[in-house]
Each structure stands twice: as C-alpha cells, then as structure tokens.
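Me: Shall we go through the pockets and salt bridges of this model together? Please show it first.

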Amino acid sequence: MSVIDLLPVRERILAAATEHYYAEGIRAVSADKLIAAAHVSKVTFYRHFPTKGDLVAAYLSARSEEEKSFIVAKRDELAGDPAGVLRWYAGAVGELSCSPGFRGCPFINAAAELPDGDHPGRRVIAEHRAWVVQQAAELLAELGVDDPATKAEQLMMLRDGAMVSGYVGRAPEQIATALVAAGRAIIGR
C-alpha cells in the first residue's frame, strides 16, 4: 500500500493529478492514467470530477492555496518588514526554480496548455496571479513605493523570468540575487 492509498478518494485523485499534470503536462495525461494512479474506478473518478476541466481547475486551486499559505505565513512572520518578505520571496523563487523535479511554474505551464480563456483552469490561473500581484502591491505600498500596482506587475514579470532562468540552469543564489537587484531597479531602491 502506498501513501496515496491512505488519502480520501478525492484527495487521491488530486494527488495523482498534481504529480502527473506537473511532471508530464495536462494534455499528455489521460483520465485512465489518473484513475490507475489514484486506484479508483472510472465511476468514482467521474463522480468527483465530471470533466477534465473540473479536475484541472481543482489541481490549480490546490496549487494556489499551497502558495498562498506560504506567502501569508511569511507575511505574518515578517509583519512590518515588507522588504524582508520581498527578499524572502526572491530567495524562495531561486530555491524552487533550481530544485530537483522543477518543471516551471505550474500556472504558466497550465496557461500554455489551456488556450481557451473560458476554461475553468484559466480562471484559477488569472485569480491566483492577481492575488500574488496584489500581495506585492501591498508590500510595495508599505515601503512607500510610487505606483505600487504597476511595479507589482513588473515584479511578477521578473519572477516569471527568474523561474525560467533557474529551470535552465542557474544556481539558486544567482537567481535570488539577480531577482532582488532587478526588483530594486524597478522600485527605485
């Protein structure tokens, strides 16, 4: 018996989707593959997720909640130190993008595979990215930076590029250092 078998059925399916969608791509993974990986019947699988779109949206929502919890916890830990939170995030991006098994940002990857703007997964992607940008804008506003909303969008673009840079072979500390330096240039500090 594997660890996945100990989870409730819905979580088993989501765990299988998370593993396979991230490693292989959403389009490449069939329902049959996830059914086998989650050790459930087709009837059970489709009872929990009637469409692939439903499962993709649930997968992305789970990834979003995981990232949000890390950011909220760090903001709570470093309350009153917005620069510290931003530096932490740059370091986290460097570490993540250089870690074994990293295959890029799951939200960017999914967006590339889901060209239909009406796909439920695209809505999750848009909401998640807006939330992350809002967090950055709030931190920049705490720092007294002019036009924090625009500069937060620019920081998000830097984060996206930093993830790609890490994925193609730079060291975590190089990514974090470059991201902090570029971020400082954007915010004028």
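**Pockets and salt bridges**

Me: How do the nonpolar, polar and charged residues divide in the lining of the largest pocket?
Reply: Happy to start there, keeping in mind that this is a predicted model. The largest pocket holds about 460 Å³ of space, and 26 residues line it, with Leu-86, Arg-87, Tyr-89, Ala-90 and Leu-155 the closest to its centre. By class, the lining has 20 nonpolar, two polar and four charged residues.

Me: Which element gives the most to the lining of the largest pocket?
Reply: The elements that give two or more residues are helices H5 (82–97), H7 (120–142), H8 (148–167) and H9 (172–187). Of these, the top contributor, with seven residues, is H5.

Me: And which residues lie nearest the centre of the second largest pocket?
Reply: That pocket has about 350 Å³ of space, and its lining divides into 12 nonpolar, one polar and four charged residues. Of the 17 lining residues, those nearest the centre are Arg-63, Glu-67, Phe-70, Leu-96 and Met-163.

Me: Which residues are linked with Arg-75 in a network of salt bridges?
Reply: Arg-75 meets Glu-138 in a salt bridge at 2.8 Å, N to O, a pair that joins helix H4 to helix H7 across 63 residues. Another salt bridge, with closest N and O atoms 3.2 Å apart, pairs Arg-75 with Glu-142. The network therefore links Arg-75 with Glu-138 and Glu-142.

Technical notes. Residues are numbered from 1 along each chain as its sequence is written. This is a predicted model: local features need pLDDT of at least 70, side-chain atom pairs count only at pLDDT 80 or more; totals for chains, interfaces and linings use all residues. Side-chain values use heavy atoms; hydrogens and water are left out. On a 1 Å grid over the protein atoms alone, a cavity is a set of points where a 1.4 Å probe fits but cannot get out, and a pocket is an open set with protein on both sides within 12 Å along at least five of seven lines; lining residues have an atom within 4 Å of a point. Grid points are joined across faces, edges and corners, and a volume is the space filled by probe spheres set on the points. Helices (H or I, at least four residues) and strands (E, at least two) are DSSP runs, numbered from the N terminus. Ala, Val, Leu, Ile, Met, Phe, Trp, Tyr, Cys and Pro count as nonpolar, Asp, Glu, Lys and Arg as charged, and the others, Gly among them, as polar. A salt bridge is a side-chain nitrogen of Lys or Arg within 4 Å of a carboxyl oxygen of Asp or Glu.
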